[in-house]
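Subject: Structure handover

Hello,

Here is the structure you are taking over. Please keep it open while you read the notes below.

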Amino acid sequence: MMTKSLLTSTRRPDVTLRPGGCIEIAAHAARALRLGRGDVVDVAADGVGGELYLYVRHRAPTVGRHEAAVFPTHRRSHHFRAHSARLCRAVAEALGAIPDATLRLVCGEPAELPGLGRALPLIHHKHTQ
């Protein structure tokens, strides 16, 4: 009798981008970026290698309302959530994904990038759905 695993991968996503604009950031990634309530996240594209990096664009406190400002999902949670339909669409387009797809991405090791500071590379091959 031949057995086969039903789980193709056991790796859980660090960042989930939903077509409606909901961005969910797991505790592991939030700690790596040192996220706090009200920080504004963004994704930068490296034009040469096609890499995508999640980084903090503005630290709280910010003046005015900002798209993609993060907030904890619960009172003492390290999981964060943000909303930006524009950012979700832009990432899906950069990855060549179906526009209405939910993207579940894992992150690499934090890197210090000039002009951006600490950033997490988004690993997207075989991890988008």
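**The loop between β4 and β5**

P61 has its place in the loop between β4 and β5. Helices (H or I, at least four residues) and strands (E, at least two) are DSSP runs, numbered from the N terminus. The peptide bond that leads from A60 to P61 is cis, with omega near 0 degrees.

This is a predicted model, in which local features need pLDDT of at least 70 and side-chain atom pairs count only at pLDDT 80 or more, while totals for chains, interfaces and linings use all residues. Residues are numbered from 1 along each chain as its sequence is written, and side-chain values use heavy atoms, with hydrogens and water left out.

A68 is found in the loop between β4 and β5 too. Its phi is near 65 degrees, a positive value in a residue other than glycine. A68 counts as buried because its relative accessibility is 4%; buried means under 20% relative accessible area, exposed over 50%, and partly exposed in between (1.4 Å probe, protein chains only).

R34 also has a positive phi, near 60 degrees, and is a residue other than glycine. R34 sits in the loop between α1 and β3. With 53% relative accessibility, R34 counts as exposed.

**Salt bridges**

How many salt bridges does a search of the whole structure find? The search finds 7, where a salt bridge is a side-chain nitrogen of Lys or Arg within 4 Å of a carboxyl oxygen of Asp or Glu.

One of them joins the side chains of D39 and R59, at 3.0 Å from N to O. The pair links distant parts of the chain: D39 is in the loop between α1 (27-33) and β3 (40-45), R59 is in the loop between β4 (52-58) and β5 (71-72), and they are 20 residues apart. D39 counts as buried, at 4% relative accessibility, whereas R59 is partly exposed at 42%.

The side chains of R57 and D42 also meet in a salt bridge, again given as 3.0 Å, N to O. R57 lies in strand β4 and D42 in strand β3, so this pair ties together parts that are 15 residues apart in sequence. D42 is buried, with 13% relative accessibility.

R118 and E112 form a salt bridge through their side chains, at 3.6 Å from N to O. Here R118 is partly exposed, at 25% relative accessible area, and E112 is exposed, at 56%. R18, E24 and R81 are linked in a network of salt bridges.

**Some buried residues**

S84 lies in the loop between β6 (80-83) and α2 (85-95). Is S84 buried or exposed? S84 counts as buried, because its relative accessibility is 6%. Its side chain is joined to that of E67 by a polar contact of 2.8 Å. A polar contact is a pair of N or O atoms within 3.5 Å; within protein, one must be able to donate a hydrogen and the other to accept it, and residues adjacent in sequence count only if both atoms are side-chain atoms. Not counting residues up to four places away in sequence, S84 touches G21, I23, E67 and A68; contact means heavy atoms within 4.5 Å.

A82 belongs to strand β6 and is buried, with a relative accessible area of 0%. Leaving aside neighbours within four places in sequence, the contacts of A82 are G21, C22, I23, A68, A69 and V70.

V56 is in strand β4 and is buried, at 10% relative accessible area. Among its contacts beyond four places in sequence are L33, D39 and L116.

T16, in strand β1, is buried as well, with a relative accessible area of 8%. Beyond four places in sequence, T16 touches residues including C22, I23 and T102.

**The largest pocket**

T16 comes up again here. Of the 14 residues that line the largest pocket, the closest to its centre are R12, P13, T16, A26 and H79. β1 (15-17), β2 (22-25) and β6 each supply at least two residues of this lining.

Regards

Definitions and conventions: On a 1 Å grid over the protein atoms alone, a cavity is a set of points where a 1.4 Å probe fits but cannot get out, and a pocket is an open set with protein on both sides within 12 Å along at least five of seven lines; lining residues have an atom within 4 Å of a point.
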